[in-house]
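Morning, everyone. Please have the sequence and the viewer open while I talk.

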Amino acid sequence: MKLAIVLVILVVGSVIFHFASPWWFTPLAADWGAIDTTINITFWVTGFVFIAVNFFLAYVVYRYRYDKNRKSDYDPENKPLELWLTIITTVGIFAMLTPGLFVWAKFVNPPDDAAVVEVVGQQWQWGFRFPGKDNVLGKTHARFTSEKNPFGLDPDDMLGQDDIIVDNNDLHLPINQSVKVLLRSKDVLHNFAVPQFRVKMDLVPGLITNVWFKPTQIGAFDILCMELCGVAHFAMRGRVVVDEQKDFEQWLAARPTFAETQNQTLGDPKIGQVLYAICSGCHQKNGEGNGALNAPKLAMQSSKYLIRQLHYYKQGVRGAHEQDEYGKQMANMAAVLADDAAINHVVSYIATLGNGDSEREKPSITSGNIDSGKSLFRKCSVCHGHQGEGNNALNAPRLAGLQDWYLKRQLLNYKNEVRGKHEHDNFGKQMMLMANMLNSEQQIDDIVTYINRL
Amino acid sequence: MSYQTITDQPELLDHGPSSFIGKYIWSQDHKVIAIQYATTAIFVGLVALVLSGLMRLQLGFPNTFDFIDPSNYLQFVTMHGIIMVIYLLTALLLGGFGNYLIPLMIGARDMVFPFLNMLSYWIYLLSVIILMASFFVPGGPTGAGWTLYPPQAILPGTPGHDWGIILMLVSLGVFIVAFTMGGLNYVTTILQARAKGMTLMRMPLSVWGIFIATILGLLAFPALLVSAIMMMFDKLLGTSFFMPAIVSLGEQLGHAGGSPVLFQHLFWFFGHPEVYIVALPAFGMVSDVLSVHARKSIFGYRMMVWAIVAIGFLSFVVWAHHMYVSGMNPAFGFFFATTTLIIAVPTALKVYNWVLTLWRGNIHLTVPMLFSIGFIFTFTHGGLTGLFLGNVVIDLPLSDTYFVVAHFHMVMGVSPIMVLFAAIYHWFPLISGKMLHTGLGKFHFWVTFLGTYAIYLPMHYLGFLGVPRRYFANSGTEFIPESAQSLNASITVSAIIVGLVQLVFIYNVILTLRKGKAAGANPWNAASLEWQTPQVPPVHGNWGNKLPLVYRWAYEYCPPGVKDDFVPQNIPPEDLIKSDDER
């Protein structure tokens with residue numbers, strides 16, 4: 001009796017949960033309504049069977065509960081009943097399957113007018129490539145991959161020269177234009193998934209896979225990696241920004257072509273030296289930084305990282321948060337650098353500083369536990385290197401040599417969403433997820449004390 | 001004649017081992033081996049249960065527990081999965097119940113290769129020890145997910161990519177050796193050692209389920225074995241079976257030309273039948289428990305047998321439904337979606353037949369019966385959600401989300417475990433001679449049944465939303481509302497409660513073994529052969545001096561014209577007492 005009632009309650013409760021649940025598919029933002037329709041058909045058919053079977057089960061449990069004066073029927077087989085159940089089930093199954101197969105046929109045949117864009121995955125970042133003017137993507141191979149050529153384009157393939165390179169986690173696409181996304185991985189399996197678009201597909205190293213959709217809503221949508229790809233899998237996030245056609249074109253025009261990325265003139269250290277004069281006020285002559293002036297060490301830092309940060313300061317991506325006191329100062333200073341060329345010059349000068357003969361600043365944090373810091377650092381070292389040397393391939397800056405107070409402030413900024421929250425701070429978002437793992441100030445002290453020793 | 005009976009051996013009882021070690025350690029008695037298998041499997045299962053608790057703590061209450069970081073989170077996920085699927089479920093259902101029930105149910109004295117049977121257990125134990133050792137090596141166990149997909153399983157960036165993965169692959173290889181020894185034994189025993197009169201179509205469905213599952217295992221496990229060996233070569237010898245040209249964390253590797261998708265085909269060629277290696281014995285055992293406790297013959301026995309055979313066959317042609325978004329040729333989707341949904345037909349028929357077995361029965365709501373009816377509910381739920389994932393195009397939004405996690409836990413986690421508990425409560429009186437405490441058993445059932453539903457029903461909805469699985473943290477996404485976090489917290493609370501209540505079960509077992517009340521022979525009045533041994537619990541050799549003769553099927557409950565409400569398989573027709581109205 002109790003069991004029969006509970007079964008009924010579970011069924012009714014499930015139905016109520018379904019209708020009361022705020023958790024359901026995200027609003028559709030691509031032309032895949034057909035998938036949602038198929039889901040609805042399956043939902044109603046299976047929902048009906050779920051209710052019918054379990055209500056009948058509850059009825060049977062109640063109706064044929066134990067009675068010492070009754071004997072069970074002896075009725076081992078009932079051919080017509082079994083036949084009918086088989087037929088009805090088969091019909092129900094095909095009612096669900098058939099529409100699904102039609103929609104799948106649509107999925108496996110991208111429309112002819114679809115634009116092509118390539119998504120490149122690597123642990124734990126996204127990159128994108130548009131085919132450029134000639135509308136053809138150039139050849140690639142793993143062996144061409146280098147810091148300067150992160151997507152591994154064949155430098156001798158003329159078709160690749162005009163390809164447009166987007167070496168960060170933000171993909172822009174125009175609205176109402178079908179896109180066939182070619183998927184390529186540099187290292188392990190990944191999966192390109194945008195919940196609002198419904199479709200997803202794995203990126204497989206050694207293969208080019210594809211998926212297509214037509215965005216129908218303006219807005220920014222999360223890209224998630226949905227195939228386990230290692231320890232920072234959960235932090236492999238990106239964004240698709242769906243723009244009006246003209247905004248998209250404007251955005252695309254501002255991206256460099258492959259040829260441009262290869263011929264990028266590095267800055268001139270001589271000019272950079274002149275520009276650096278103003279930096280040296282705080283960051284010191286040899287780029288060693290100055291704790292009293294809240295200026296971190298710059299010498300030895302990766303140029304790629306410094307250029308990115310200077311751009312961020314100039315664009316208000318970093319140093320714009322009201323609680324980021326020192327960042328705001330730096331944003332004012334970065335504004336002094338007139339253009340990209342000036343940034344390149346100054347960074348190229350910093351690259352010549354080497355470690356200099358600058359003395360290392362005395363640790364300012366004394367309460368850290370170095371052993372605990374060492375064990376905490378293990379998760380950092382996957383990207384930042386075992387010696388904190390940084391890894392440009394992963395856009396992970398050098399940590400070794402940085403002052404402990406600076407590292408601590410940045411970790412706190414990440415934790416408190418002062419840094420990394422800006423929608424254009426691609427890699428900062430990942431660092432926020434990582435910094436969130438440090439649960440106490442003590443842990444931060446431990447970890448920066450350890451890094452300080454590297 | 002399709003079988004060869006073993007000659008009766010009057011002096012057999014004198015041949016039993018007498019020393020403690022011979023009886024309980026290096027035992028060749030299938031019943032002792034079954035208990036060894038079961039105890040070991042339940043022990044590793046508890047380890048996996050604790051691991052799931054740890055990962056749920058992180059998901060329910062992120063940034064609360066310092067000792068959980070993305071590395072060991074993935075290690076918990078991986079080890080939980082692999083232990084539960086292979087080292088617990090496969091080992092307990094086949095090594096445990098398969099070993100215990102086959103000889104008793106078919107009227108044999110033991111397995112046909114007792115020494116091999118003993119070896120099978122000790123090699124299984126070795127595989128468990130190797131697996132557990134990976135917790136103590138530098139870098140810890142592998143965190144590549146239970147599917148162990150290369151390239152990431154053997155590359156830096158994945159926890160345990162040095163020692164952990166090697167021990168994992170070795171352990172799987174050793175397990176497969178153990179399984180093959182046991183499996184060949186079960187199949188041969190069922191085909192060769194049935195008692196006189198025990199035709200194939202008189203065997204209890206438990207034996208049918210175990211029989212077909214074992215055949216599946218013997219055909220499927222080699223695919224896993226070769227993929228483990230190939231991955232080991234890739235890792236240790238630098239071959240490129242599964243490794244294309246790769247730039248790993250900025251570094252060029254020496255591999256070229258391999259295919260990660262090849263591994264997935266091999267893995268799922270094993271992995272999908274594996275689902276049925278777990279499910280079919282459970283299907284069989286639950287059929288028997290339902291029939292006994294409803295005092296009614298199983299409905300549609302022949303259909304049930306053919307359904308088991310059909311499911312077993314079809315399970316080999318559906319594997320790529322795990323790979324709809326893997327990058328394999330998308331045209332395969334048409335074929336595999338069709339086969340996958342077709343497999344739902346025999347599966348649905350089994351559900352109907354279970355319910356129709358209860359229909360017009362006389363249902364005793366004993367603890368095994370509660371678990372069995374609970375199984376019908378959870379399995380129906382899990383089976384129906386499978387129709388979403390199998391229908392290729394619906395898999396696009398749901399693949400790799402919590403919907404998948406919820407689905408497979410309902411269908412091959414909760415459901416087989418409901419059957420395992422039903423089976424333990426049902427056969428415990430035979431195994432130990434004592435009856436488990438009913439009150440504690442009912443408490444155990446209610447919390448487990450309701451608790452698991454409270455875990456997995458809401459989890460499907462996280463999947464609809466698009467929340468990805470195997471994520472250490474979900475923060476920083478626009479589309480996941482805050483409320484999803486409270487849902488995750490409630491799932492974690494339910495999971496912890498369900499986890500803890502298993503201690504009540506263990507307490508019940510220990511209490512019963514120490515001072516439980518004697519159950520007596522055949523306390524459930526079951527008709528099948530295993531309850532008809534001369535001694536309870538059955539002793540070495542099972543049948544005393546004479547092997548049983550079988551006269552009918554295993555489901556003779558309330559036959560017309562007979563006084564008792566059941567007729568054991570080995571009672572000669574002339575000994576039946578007619579009911580009053582027939583006299």
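One caution before we start. This is a predicted model. Local features need pLDDT of at least 70. Side-chain atom pairs count only at pLDDT 80 or more.

Chain A, then. Its secondary structure comes to 14 helices and ten strands.

On burial, 53% of the 454 residues in chain A are buried. Take the contacts in chain A with a separation of 6 or more: residues 24 or more positions apart account for 71% of them. The accessible surface is about 20,200 Å², and carbon and sulfur atoms hold 58% of that. Charges next. Chain A has 44 positive and 47 negative ones, and their mean positions lie 6 Å apart.

Now chain B. Here we have 15 helices and two strands.

Of the 583 residues in chain B, 68% count as buried. For contacts in chain B with a separation of 6 or more, residues 24 or more positions apart make up 78%. The accessible surface is about 18,600 Å², with 68% of it on carbon and sulfur atoms. Chain B carries 25 positive and 25 negative charges, and their mean positions are 10 Å apart.

On to salt bridges. How many does the structure hold over all chains? The count is 17. I'll show three of them.

Start with a pair that crosses between chains. Asp73(A) bridges to Arg360(B), with the closest N and O atoms 3.8 Å apart. Asp73(A) sits in the loop between α2 (33-63) and α3 (79-108) of chain A, and Arg360(B) in the loop between α10 (344-358) and α11 (367-390) of chain B. So this is a loop-to-loop pair across chains. Are these residues buried, exposed or in between? Asp73(A) is partly exposed, at 31% relative accessibility. Arg360(B) is partly exposed too, at 33%.

Next, within chain A. Glu118(A) and Arg129(A) meet in a salt bridge at 2.7 Å, N to O. Glu118(A) is in strand β1 (residues 115-122) and Arg129(A) in strand β2 (residues 125-130), eleven residues apart. Both Glu118(A) and Arg129(A) are buried.

Then a pair with a longer reach along the sequence. Asp170(A) and Arg239(A) form a salt bridge, with the closest N and O atoms 2.9 Å apart. Asp170(A) lies in strand β4 (residues 170-174) and Arg239(A) in strand β10 (residues 237-243), so the pair ties together parts 69 residues apart in sequence. Asp170(A) is buried, and Arg239(A) is buried as well.

There is also a network. Salt bridges with shared partners join Glu118(A), Arg129(A), Asp163(A) and Arg184(A).

Now the backbone. Where are the cis peptide bonds I want you to see? One runs from Pro150(B) to Pro151(B), with omega near 5°. Pro151(B) lies in the loop between α4 (114-133) and α5 (163-192) of chain B. Another joins Val536(B) and Pro537(B), with omega about -10°. Pro537(B) is in the segment after α15 (483-515) of chain B.

Positive phi values come next. Glu417(A) has phi near 60°, and this residue is not a glycine. Find Glu417(A) in the loop between α12 (404-415) and α13 (426-435) of chain A. Its relative accessible area is 37%, so Glu417(A) is partly exposed.

Over in chain B, Cys558(B) has a positive phi of about 50°, again without being a glycine. Cys558(B) belongs to the segment after α15 of chain B. Is Cys558(B) buried or exposed? Cys558(B) is buried, with a relative accessible area of 5%.

That's my tour. Over to you for discussion.

Note on methods
Residues numbered from 1 in each chain as written. Chains lettered and ligands numbered in written order. Heavy atoms only, no water. Helix = DSSP H or I, 4+ residues; strand = E, 2+ residues; numbered from the N terminus. Buried < 20%, exposed > 50% of the residue type's maximum accessible area, 1.4 Å probe, protein only. Contact = heavy atoms within 4.5 Å. Areas by Shrake-Rupley, 256 points an atom, 1.4 Å probe, with all protein chains shown as cover. Lys, Arg positive; Asp, Glu negative; His and termini not counted. Charge placed at Lys NZ, Arg CZ, Asp CG, Glu CD. Salt bridge = Lys/Arg side-chain N within 4 Å of Asp/Glu carboxyl O.
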